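User: I am new to this structure. Please walk me through how to read its features.

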Amino acid sequence: MRFRSCYIPTLKESPADAEVISHKLLVRAGMVRKLTSGIYVYMPTALRALKKIETVLREEMAAAGFEELLLPAVQPGDLWKESGRWTHYGKELLRFKDRNDRDYCLGPTHEEVITDVVRGEVRSYRQLPVRLFQIQTKFRDEIRPRFGLMRGREFVMKDGYSFDLDDAGAEASYAVCKKAYYNIFSRLGLRFRAVEADSGSIGGNFSHEFHVLADAGEDTIASCTQCEYAANIERAEVRFAGEKCTETCQAFEEVATPDAHSVEEVCSLLHLEPSRIVKTMIFVADGKPVAVLVRGDREVNDVKVKNLLHAEEVELAGPETVQAVTGAPVGFAGPVGLSVPVYADSELVAATDYVVGANKGDAHLMHVDLARDCTIEAYADLRLITEHDCCPRCGAPIELTRGIEVGHIFKLGCKYSSAMHCAYLDENGKEQLMVMGCYGIGVSRVLAAAIEQNHDENGIIFPPAIAPFVAEVINLDPADATVSSWAEKACQGLEAVCGEVLYDDREERPGIKFKDADLVGCPVQVILGGKGIARGVAETKNRLTGEKGTISLDQLEEGLKGFVAQVEATWAARKA
């Protein structure tokens, strides 16, 4: 395809509102344009990339036994009320009424709809398992859309669902889809990691996230340096390997700590290490206040608190609630004498003689023994993992890396089939609930994540499987008939090897063409100019490595095949 006939409106400057590199480069490369907050137009080259991603998804999902369908974007509110998520899902669910005053929403996900479809058709155990998927535009009314396609309000998503006879069947469907996801992200040429994760608002009892590894990732991944254990930091387990302290300390006493609201300020004032401080964090769990204790040099993991309490919603209490619960301003809460349930991180059993807030302004208590002086409902793993912790599986060191979540698979169990009565008759004629799984991939997010992982100061470096065009031929002298003839031959040779080719025959300066080629990011570049042809060669550039070379015009066809294979080999080595 000729560059001059393509709609590729490249820009020299990044948009002022772009915060991450993928957003900047997608706009500069003419791939997306912002319509309104969190909603983007996919320009022709972006759509090409999305379609290539979708092709890989369709092939691998079909190989895993999933059939494609297409569900409505507009969903009746009655289904969400039936599942219980109409109020629980939050303001991200865009609700509206039709002319008959009936409730509807714009689908952010499709658990309710797919469950309704299957329960209306499947009656017998002979019809199971059922595995279905779709690729569709979703809408979530994010409170603060940002990072371009990374966190938009409207986005393209592949979501799949499985319905099985029992837990064993659901495990099999989950394993099949997990393998398919490994195949998908491997074929797309991305460096990724599958990690254990929390299921969030989707529900279910177990899940894995698939993360593209990139410095700009919003998520932190805890990975073992020796074994295969990896988890989102929200899910990462912290195993307490120490022993319970059997000693006690002198009776606690109150000390003045004026204006010492933070751990750092208290440590400085009292000349203590942060490990001697116990932070008392007040949370509101399903409307009821609770206190959570962690060491001063640790951070509470609110997801673990939520899971421990089996709560629907957990949030950090505001200053007014803290004052009402503790009688003190923020920074001076403590566990001694609290009338709300108190939960402590497991690590705190390893010592005594702590410093805690005194539940009054500008004061703390020294020499506190939690076992003696406080009523603790339970000790549990309630903190975020750190690089100083050990792997919960093998005890080896942990490393923390950044990742962009692009896929998430869930074992839903009977969460939706129970709420919406999605059942079948077994071989004995007895009614049983179907066991469900859910499998999502953010298609448009994969495009952004691929750029976050693969770029340089000059622009995008597309993996061949995602690139709108695998190869670009740059004609430096389009007015020269000989140069143009060789450029056309190069296009034909490349099309035979890697499909459609972007042919830059514009009447522009070579510098502009080179800059646009690097910006758009085709992995294979072939350059034809008068000087090179006079030497009997076409010039080449591997966009990934920047390595330049030449191909003899006498062996152009074979040389192009070899160069494309070389580029593909560099990508394969990088992925490995």
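User: Is Asp297 buried, exposed or something in between, and what decides that?

Analyst: Relative accessible area decides it: buried means under 20%, exposed over 50%, and partly exposed in between, with a 1.4 Å probe and protein chains only. Asp297 comes out at 34%, so it counts as partly exposed. Arg295 has 18%, so it is buried. This is a predicted model: local features need pLDDT of at least 70, side-chain atom pairs count only at pLDDT 80 or more, and totals for chains, interfaces and linings use all residues. Residues are numbered from 1 along each chain as its sequence is written, and side-chain values use heavy atoms, with hydrogens and water left out.

User: What joins Arg295 and Asp297?

Analyst: A salt bridge, which is a side-chain nitrogen of Lys or Arg within 4 Å of a carboxyl oxygen of Asp or Glu. Here the N to O distance is 2.8 Å. Both residues belong to a network of salt bridges that also links Arg298, Asp345, Glu347, Arg383 and Asp389.

User: How many salt bridges does the structure hold?

Analyst: It holds 45. Take Arg85 and Glu111, whose side chains meet at 2.9 Å, N to O. This pair links distant parts of the chain, 26 residues apart: Arg85 is in helix H4 (residues 85-88) and Glu111 in helix H5 (residues 111-119). Helices (H or I, at least four residues) and strands (E, at least two) are DSSP runs, numbered from the N terminus. Arg85 and Glu111 are buried.

User: Which residue forms a salt bridge with Asp456?

Analyst: Arg543 does, with the closest N and O atoms 2.8 Å apart. Asp456 lies in strand E25 (residues 455-456), and Arg543 in the loop between strands E30 (537-542) and E31 (548-552), so the bridge ties together parts 87 residues apart in sequence. Asp456 is partly exposed at 23%. Arg543 is buried at 2%.

User: How do I read a helix? Which residues of H8 are buried?

Analyst: Start with the general rule. An α-helix has 3.6 residues a turn, so residues three or four places apart point the same way. In H8 (residues 302-309), the buried residues are Val303, Lys304 and Val305. They pack against strand E15 (288-295) and strand E16 (314-316), where contact means heavy atoms within 4.5 Å.

User: What caps the N-terminal end of H8, and what comes just after the helix?

Analyst: Asn301 is the cap: a side-chain oxygen of Asn301 lies 3.0 Å from the backbone nitrogen of Val303. Just after H8, His310 takes a positive phi of about 55°.

User: Where does Gly529 lie?

Analyst: Gly529 lies in the loop between strand E29 (524-528) and helix H15 (530-534). Gly529 is buried at 11%. Not counting residues up to four places away in sequence, Gly529 touches Leu476, Asp477 and Val483.

Methods:
Polar contact = N/O pair within 3.5 Å; in protein donor to acceptor, adjacent residues only side chain to side chain.
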